[in-house]
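I opened this one up to look at cores and strands. These are my notes as I went along.

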Amino acid sequence: MPSLSCSIFPTMRRSYFLAAWLVSAVTTWPSFAVAEDKDQGTDDLDLVRLLNVEVSTATKTSESLSEAPAVITVVTRDDINRWGYRNVAEVLNHCVGFYMVDDHILPNVGSRGMMGGLGAPSGVIKVMIDGRSVADRATSGNWLGAELIALESIKQIEIIRGPASALYGADAFLGVVNIITEAPADTRPVRVRSFTGVTGTNPSEQLELVSGKQFGHWDYLVSGSGEYGSRSGLRLPSQSPDPTLPSYVGERRTADNLDRRSLGLQARVGYRVPDKGQIVFSAYGSGFRRGGDFAQWAQLSNGVDADGNHVGTVISQGQWRANMDALLHATPTLDLSLQTTYFRGIFLSPDRIEVGSDIWYAERNTSYRGVDSVAEARFVPSKAFNVIVGTEGVYDHEFLPTPDRIARANGQAAPKSTAEDNSVDLLNLGAYVSSNLRLIDEVLKVTGGLRYDHHSTYGNQLTGRLGLTSRLSKSIVSKTLYGSAFKAPSPYLLYASPLRPGDVQGNIDLRPQKIHTVEQQFSYTPSPFFGVTSGVSYNWLLDKAEFSPQGINQVARNTASQTSFTWETRLDVKHYEDYNIYASAELVMSQRHLGQVGYQAQLVGNANVVYPPYIGRLGAMAALPSVPSVPLSLGAEGMLVGPRNSADASTLANGGRFTLPSYMLLNAVLTTRDLFLATGHETQIALRAYNLLGATGPNPGFSGFEYPLAPRELMLELRHTY
């Protein structure tokens, strides 16, 4: 794979020319072609479509959002364009039931009071593209930035809160995020989306390019997304009790290298015959490079040491996937499918780790590769009943050498024994069955499922689900749900080696984490212009596994259990393009049960850490009085995050627990709408401000220091469809 800098820089520079061309067109075009008003018949069709959004993630069968047996949120491409989300992390950060801690390398998303902890970037959820996992197999974490996928290539993102291992296996733990790429019939020849502006005081750019077309039975979709920017200049929060600062940092407390480079590529070719079946080949490649001034090993490490050498942590990784998906409509009631993925991931050459030593730094050479295959039979004899039976096999080869210790004096790696270059083969076999039965047409549906997994390292796991979906009236739906799930110990948790005192240390005896969840949700949707959902959940997590302080290191262990009770509510009010308003709130009451004694146990206590007890979100977009030939909309989106308790590592370093204050984030936008520079070719021009109030947080860290929030950003967005 070529260097990310070589790949991204030329692409990003082109976005300036694209921006200049579009701005020039806007300022010189004599008049704009504005979309004609829709007739009432078309409006009625659109209202029916909005009221019956189709989803497939909850049961692997198409069904309306209101009847899907899961607590599920759908974010469409229209939502993404309205609010200016640039990656999946931003989507989840504004979705009820989630909270994100960003260490400026990879975001760490938690849900319903529970976080994955150190070294688990968003690993408590399963992220998929078209039903296929995109996890970094070494950490079981997920990359959610621009390197994941171009958002212009998607149809919608289906987000499930709650366990889903009965259908999707390991790591569908606290939720599932399924990114659905656009259908062949909806593809357009070319779409371009770019952001150009400043992050803090640093120039930033992001570019997405998507092309797709259907030719009879054939179709293709290709996309690319790239990002270049920097958050350098952010300040290490003063609340940090015990940061690891190299000697050459001196009194400086601002980051010199938080550069961000991301690249994601996607290609899909399909051959589809209606009523017969289809075969689809797809490939994904992604990589990123991040300045690591807030990495866990040493902070503010970028600079010049006493010998005049440039030093600093850089995190750089890449992964590739090749997929084959085949579907055969064997009979009018039976579908057979086969899905196979080859995956591989490595650390790229710029990757290096500073550990606060004046003598040496570390370079990592771990990698993984493997195959994930799923075979399914879907029997749908009627609209009232269906059953899915499937098997899954995952083979994962992890190459786990200890990092090289590179001497600063001569750049040579210290000798190490071959015993330190370990590799391990991990094998998981699973089988599952899932069924839906409509007991009373349009009134009551029962959903059930069971899955058995056997893993070569941690043994057998049994998970299940049960749901009742009841339509109490034309506009009121009730969902009563139970589900269990498990999260497999990642190779990182099992085999990590400490690079310095206080670093992480793996534990081969870890047990899988398990969770049981009971949920009740009501939705009230009297019209497409108004809707509200409200629900509660009780979550019981067992054998929680994370890195926690033990002796001189943070050791992976099953720390005990955790319970949480949540209330989640969202309200939507809209009227065509006139206005669109949403408000959501969540309350979280969570308690840990550590099962420990002694001074350390008394110090950290049983209160929940990191996750806030409440989060409120509000978004509003309204059409402005028409400027001649230029329809404009003005909008804002805000989020209030409650106070968070410090993580255990910071609590121990501080000699007692402390609380980080609440903060509020505010985004604002002025955007065009229904703007056509040429007939049939829509253009959107938006001026967007992120973190307009300049909130700094901070958010809790897991290694004795805290994280500042991302800085204020001002972006010009240009989006064009050919």
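What follows is my list of things looked up, starting with the cores.

**Entry 1: the main core.** A reminder to myself that this is a predicted model. I looked up the largest nonpolar core and found 37 residues in it. Val 88, Leu 92, Leu 148, Ile 157, Ile 159, Val 177 and Ile 179 have the most contacts inside this core. Next I checked which elements supply at least two residues each, and the list includes helix 3 (77-83), strand 9 (154-161) and strand 10 (175-181). Helix 4 gives the most, with four residues.

**Entry 2: Leu 148.** Which residues does Leu 148 touch, leaving aside its neighbours within four places in sequence? I got Val 88, Val 127, Ile 129, Val 134, Trp 143 and Ile 179. There is also a second, separate core, with 36 residues, and Tyr 611 and Ala 695 are among them.

Entry 3: I traced five strands in the order 4-9-10-7-8, with mixed pairing. Val 127 sits opposite Val 177 of strand 10.

**Entry 4: a hairpin and its next partner.** Strand 18 (residues 314-331) and strand 19 (residues 334-347) run antiparallel, joined by 14 bridges. They make a hairpin with two residues between them. I picked out Asp 325, whose bridge partner in strand 19 is Gln 339. Strand 19 also pairs antiparallel with strand 21 (residues 367-382), over 13 bridges. There, Ser 337 stands opposite Glu 376 in strand 21.

Note on methods:
Residues numbered from 1 in each chain as written. Predicted model: local features only at pLDDT ≥ 70, side-chain atom pairs only at ≥ 80, totals over all residues. Heavy atoms only, no water. Core = buried A, V, L, I, M, F, W, Y, C linked by side-chain atoms within 4.5 Å. Buried < 20%, exposed > 50% of the residue type's maximum accessible area, 1.4 Å probe, protein only. Contact = heavy atoms within 4.5 Å. Pairing = 2+ DSSP bridges.
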